[in-house]
Every structure is written in C-alpha cells, then in structure tokens.
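Visitor: I am new to this structure and would like a close look at a single part. Could you take one chain and walk me through how it is built and how it meets its partner?

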Amino acid sequence: MKRGLRIQNLGGARAVILHRPHATVAALTRQLTAIGLVVEQVWPDLGAEALAADFVFFDADTGHDAQFPWGPGESPIPMIALIGSEAPGRIEWSLQLGAHAQMLKPVGDNGAYSALLIARAAFDAQRELSAEIAELRRRLDERRTVVQAVMKLAARGKSEAEAYAQLRKMAMAWRISFEEAAARILGGDGGADDRRNRG
Amino acid sequence: MRRRIEIGLLYSRSGSYALISEACRTGALAAIAAVNADPEMDLSLVPVERDPGGNVDLYAPLCDEILRQTAARHVVGCVTSWSRKEVIPTLENAGGTLWYAVPYEGFEASDHVVYTHACPNQHLLPLLDWVFPAYGRRAFLSGSNYIWGWEMNRLARETIVTAGGQVLGERYLPIGTRDVGRMIEEIRATAPDFILNSLIGPSSYAFLAAYRDLGRTDARFTPGACPVLSCNMTECEMPAMGDESEGLIAAGPYFRGAKTGWAGAGKFGSSHEAAAFAAVRELARLLNGRPGAELEPLAKLLGHGAGGIIDRQTHHTTLPVLIAQVRNGRFVVVESQAAVAGDPYLTHPRVEARAPGLRVVS
C-alpha cells in the first residue's frame, strides 16, 4: 500500500518565513495559523530560529545563499520557495538552494497546505534516496575492499577460494563483519582511506 | 429606521441535491424573518436570490452577479464542495464572504468562507470512535466519485487502519448513477462489520434500497449486524428515501427534536436548516449596531464580534456531536457528545471528543 501523508504532524509545527514584511507574509501567516502551525517572520537572515523550525518559506525574488545557515542543497528541513518573478535565473537559484515546493506570489487565500505536504513528501523522499544511495555506495566500496583483501591473501600463494575461506574464518574469529575483516587485512582502518584513494 | 442590508442566497432549487438546498434555504429565510422581527436589531435583511439549478458552472458567475449587481457582500449558499471551490476566487476578487452550511470533508479555511456545519473531527471521527466497539473494525467504504467520497474514505481508511481495523473494500460510483449492483455484490462477498456510505443523491438512495433488499434475504446485512453509516444524511433527504433509510446511522450536530442548544432553541427540520439559520443569525449579530460593518471583509468583521460562534483562525464553529439511527422513519439519537471545535486540518489533538459524553438510552 502507498504510504499515506502524516497530516496530524502539522499541528504545532513551526514555520519560518524568510521574507521582508509584506502582504504576502500576512496572507501566508493567516493560512499557516489556520492550519495549526506556529509562524515566525524573519528578515534579512535566517538565524538560530531555523534550528527550531519544521519548514522554511523563503523569498525567491531577492534571496541569496548567504541568508541561510546551511549550504545550497543541505537544508535539514523542507523549504518552500515564494516565487514572484518567474525569471529562469531565480528559479534556478531556488532549485540549487534546495526548494522542495513553491508558492506563487502574491499569496492569497490558499496554497499553503498543499505546499507543506508536497515539500514534506519531497524532502522525505530525497532524504530516503540519499540514504539509500549512500548505503549502496558503501556496499559497492566494500566489495572492492573484499576483492583487494582476497587478492592480498591470494598473493601469499593461496587459491582465490582458499583466500576467501580464510577471510571468512578471520572475520568469525575476530567477531566482525566480512567487510570489516577485509578492511583490517588491508591495513588497520585503512579500508576507508583506501576507498577514498581509489574513489 | 432600520438599516436595510442585502444578503445573497445561492442555492440550487432544482437538480440532484435540491432537497439539501431547500433545507438550507428554509433555514436562512427563517433566520432572516427572525432577524427582521427582532426588536433588538437595528437592521433588516433583504434576500437577493440566484439559482444555479444544480449546474456547477453557474455558481461563480451568479455569485459574481450578486456581489457586483447588488449591495450584498455576504452570500449564504453552496451545497457541494465543488461549487464552494468554484466561488472562492470570485469572493476573493470582490471581497465577499460565503456562509457555508453543509457538512464537508475539511482541509479548507478560506479567508472568505464561514463554515457553520461539521467537518470530519465533528462527524466522521466521532462516528468511527463510536462504531468500533459497537460493531467492529472491518469496514467497507463506498462513495461517489468526487472530493467528498474520496477524502472521507481516505480519512476513514487511515483511522480504521491506525485502530487495527481492516478495509475490506472501497468502491466509487459516478455521481448520479443508480447502478449499485456490483457494490452490493462486493459487500455480500466481504461481509464487513459496517459500511461507510459517502455516496450522494440518487446513488445513495439506490444503494440504501438495494442494501435493504440484501438484508431481507441475508441476516448478515441487517442494520443490527452491519449498519450503514453516513456523515451527510439528514431528515431533509428522507422524502427521497422513504423506508429504505430504516436502520441508517448518521452523525451530525442536530437531529429533529434534539435539544443541544445549538443554533438557538429553534425547532429545525434538519441540521442543514439549523446550520443555515445559525449562519444568518450570527451574521446579523456581527452587523447589529455597527453601520457600515456589512461592507467589511470577514477578518475585520470577526475582529469586532467578541463572543461569537466563529473561530477567528479557521472560520469554523463549535458543534455538538450527535449520532442517530433511523427507527420507524425518524432519527433517534443514540449518542450525544460534548460540543467540539471544528479542526479542518486535523492538526489539534482530539481530547474533547474522547471525553465521556452523555449517552442517550433509547
């Protein structure tokens, strides 16, 4: 079954609006408050309040990287672009910054709720994908480590199968994983460094 | 000399949901009459009517006509969510307000709409809370193919699954169809503990009739064994259903004869009528003694009206929660819970609803 949206989680959630005082901020605040969020408006920089926030709405028209306490694409929470000018350069910047959803200005009577849900879902999906890619990458790298360790053992006159069996025995004796044993054979904690050298 | 204030009425007096429109219209007109006869009021309300005739594409133009061609800034009207969504941009443009007196699926809090009937934390969720221990948690979900059916069943599924229950089937029918055979077959095959009926109009009537027939030949499908639940059925549709509604269980803020104090002490034909009545009375209360207030946008108007029934953030109202069953042709209240504030986005914890309410033994 498809995963449902966790709508109940929005109650008491905190939203920060990074935008100069404006009618759009008032309209957006009204919408978010009606939905049940706690809203704070900040300008010109996103400071410590971002640490306690669950969502950031940011001005895509006059925004720039230095306003944010994190680097482009590294936001720890969902971000929603408030787009007035649909100039490609501004949209590109919003995307590079890591917008998970957008609302068009002027913000009126609606649109905040779907932006929240879409941003949250896109953020979760992105984070899940990143974690999955990191895990696959790690396993891919470890496979290289295992191959290298088997080759190192085989270089001492063993067949490939014997070297493989020996590695398995060592892992069991050391009570560590097969991959960790391979890394140890390649030299202490060198497994990771080794990966990086060959990365 | 009383102020003369025009007020729009936008109800379809023909078409598939005309019974509901008529109930709302009756309530609104009764409130207008009551306001006009009230010596405490410094105003007289003058209805300006437009009839979209059940055609969803006529709502926005007719609402626009009311707001542009008359002095009315407040419109009482709309039955379906679809028509309500159609008029909101018009209201925004003209600075008007819609007073909406029909139960709906929630997830809206327009700056230009007041919602005086129930949303899911006031109908569906208490109804499911009540039905689980009484009948079980294995459900069949039915609905018409549009937002009301889809969203009600989505929320029901989430609630049922979270409670450890099961959804045995979910089936939608095109609006207006009376072809319910396959749905009845699926219910017979899956034998649920209850059926949530989010069908509307003729489909709903046809379904109730066919299900009643099924119950006559198979005891698993009598109201006592597997009831049909509804969150939008009221007395106003009884003339179209006849005996077929016998045993139906519905949630709502009012059933005929109930004394909850909501919408005043009036005797209403249905909660639709009561909700429209409450809407117009509240509007009049907000305008009374404040010349020019009828031109103010809703947010400003609410800012002056301390002690009113409308939540300033969500524009929803606090409503009693009643659960009633059709017995011998009339709704009999079987459960009465404390009044609950409308929570359209379901973002507030449901403490009120879980508090023990008054149980009516009948």
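Guide: Chain A has 6 helices and 5 strands, where helices (H or I, at least four residues) and strands (E, at least two) are DSSP runs numbered from the N terminus. Read from that end, the order of elements in chain A is β-α-β-β-β-α-β-α-α-α-α. Please keep in mind that this is a predicted model, in which local features need pLDDT of at least 70 and side-chain atom pairs count only at pLDDT 80 or more, while totals for chains, interfaces and linings use all residues. Residues are numbered from 1 along each chain as its sequence is written, and chains are lettered from A and ligands numbered from 1 in the order in which they are written.

Of the 199 residues in chain A, 31% count as buried, meaning that 20 or more other C-beta atoms, placed from the backbone, lie within 10 Å of the residue's own. Two residues are in contact if their C-beta atoms, placed from the backbone, lie within 7 Å. Among contacts in chain A between residues at least 6 apart in sequence, 50% link residues at least 24 apart.

Now to the partner: 14 residues of chain A are in contact with 14 residues of chain B. On the chain A side, helix α1 (residues 23–35) gives the largest share, 4 residues. By class, this side of chain A holds 5 nonpolar, 7 polar and 2 charged residues; Ala, Val, Leu, Ile, Met, Phe, Trp, Tyr, Cys and Pro count as nonpolar, Asp, Glu, Lys and Arg as charged, and the others, Gly among them, as polar.

Terms used
A residue is buried if 20 or more other C-beta atoms lie within 10 Å of its own, exposed if 12 or fewer, and partly exposed in between; C-beta atoms are placed from the backbone.
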